[in-house]
Amino acid sequence: MTTKDIKLYSYFRSSASYRVRLALGVKDLDYEYIPVHLLNNGGEQNSEAYMQINPMAQVPSLEYDGALISQSMAIVLFLEDQFPNKPLLPADKVEKAKIIEFCELINSGMQPLQNLSVTRFLTKDLGINEKDKSQWLLHWLHKGLKSLNSMIEPNSHFVSGNSLSLAECFLLPQLFSCRRMGVEMHKYENLLSIEEHCKELPAVIKAHPDNQPDAQ
Ligand SMILES: N[C@@H](CCC(=O)N[C@@H](CS)C(=O)NCC(=O)O)C(=O)O
């Protein structure tokens with residue numbers, strides 16, 4: 001697959017973009033990286049042109065053969081269907097549902113609460129101070145991390161099976177974000193064991209925020 005066929009609208013630090021970069025990396029798919037800066041110029045995601053691509057004014061968005069897809073879960077499931085080699089999901093239906101359950105815990109229970117537009121609304125529109133905002137956010141992030149940690153066996157190398165799956169595509173970016181948000185992580189040993197094991201894998205190195213063209 002050449003870079004002409006797949007375009008990814010991404011921001012280096014965006015955890016939802018990072019999920020898609022991981023999925024593309026596991027599948028060894030080359031792509032064109034189109035940076036969308038979430039802070040510059042009032043946030044490039046809010047431009048009229050970009051909102052034609054992603055009506056929620058968020059990254060990531062994926063363009064493939066003229067089709068535009070937003071929402072990271074929809075994008076990775078599309079990649080899984082379109083490029084079934086190097087699968088991200090197992091054939092077993094229960095195992096597959098369990099991996100999606102793990103991802104959805106992050107996708108709906110954690111990531112939306114840390115989103116720039118959500119936390120800005122708390123401080124700028126509702127007048128909540130930084131300290132209270134941070135306490136609110138940490139409460140939900142710890143709740144999610146505790147649940148995720150309880151779903152993993154101690155000393156595991158992967159969430160499920162013997163290779164990177166969709167679960168790590170969601171987990172690794174979430175751990176990265178939690179650290180940025182100041183979460184104390186040491187209690188979540190089962191998650192840290194997976195992170196430690198995966199961090200040197202080529203697809204993980206390639207997808208890391210520090211290694212993106214727009215990294216600052
Ligand atoms: N559910 C969406 C979430 C996307 C999302 O929240 N993206 C964030 C970055 S991780 C964003 O673009 N935020 C821009 C903003 O809040 O203005 C997905 O999975 O794609």
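How many bridges join β1 to strand β3, and do they run parallel or antiparallel? I looked this up and found 4 bridges between β1 and β3 (residues 61-64), with the two strands running antiparallel.

**Basis.** I am working from a predicted model, in which local features need pLDDT of at least 70, side-chain atom pairs count only at pLDDT 80 or more, and totals for chains, interfaces and linings use all residues. I number residues from 1 along each chain as its sequence is written. Helices (H or I, at least four residues) and strands (E, at least two) are DSSP runs, numbered from the N terminus.

**Sheet.** I looked up the strand order next. An open sheet of 4 strands reads β2-β1-β3-β4, with mixed pairing; two strands pair if DSSP finds at least two bridges between them. β2 (32-35) and β4 (67-70) are the edge strands, each pairing on one side only. On average, neighbouring strands are turned by 20° against each other, direction ignored; the axes are lines fitted to C-alpha atoms, for helices over the stretch in contact, and angles run from 0 to 180 degrees between N-to-C directions.

I then checked single residues. Leu8 stands opposite Leu62 in β3. β3 is also joined to β4 by 4 bridges, and these two run antiparallel. Ser61 has Ser70 in β4 as its bridge partner. β3 and β4 form a hairpin with 2 residues between them, and Asp65 in the turn has a positive phi of about 50°.

Ile6 lies in strand β1. Ile6 counts as buried because 20 C-beta neighbours lie inside 10 Å. The cut-offs are 20 or more other C-beta atoms within 10 Å for buried, 12 or fewer for exposed, and in between for partly exposed, with C-beta atoms placed from the backbone. From Ile6 to Asp65 I note 59 residues in sequence and 7.3 Å in space, C-alpha to C-alpha.

**Domains.** The domain assignment gives domain 1 (6-86) and domain 2 (93-204); such bounds come from an automatic or database assignment. The contact between them takes 11 residues from domain 1 and 16 residues from domain 2, where contact is C-beta atoms, placed from the backbone, within 7 Å. On the side of domain 1 that touches domain 2, α1 (15-26) and α3 (72-82) are the elements giving two or more residues. The largest share of that side, 8 residues, comes from α1.

**Core.** Which residues have the most contacts inside the largest nonpolar core? I found Leu22, Ala23, Val76, Leu166, Ala167, Leu171 and Leu191, in a core of 52 residues. Such a core is a set of buried Ala, Val, Leu, Ile, Met, Phe, Trp, Tyr and Cys residues joined through C-beta atoms within 7 Å. α8 gives the most to this core, with 8 residues. The core draws at least three residues from each of domain 1 and domain 2.

I followed Val76: leaving aside neighbours within four places in sequence, Val76 is in contact with Arg19, Val20, Ala23, Leu88, Leu166 and Cys169.

**Val204.** My last entry is on Val204, placed in helix α10 (residues 202-207). Is Val204 buried or exposed? Val204 counts as buried, because 21 C-beta neighbours lie inside 10 Å. Not counting residues up to four places away in sequence, Val204 touches Leu22, Leu172, Cys198 and Lys199. Met110 is 94 residues from Val204 in sequence and 21 Å away in space, C-alpha to C-alpha.

Conventions:
Two residues are in contact if their C-beta atoms, placed from the backbone, lie within 7 Å.
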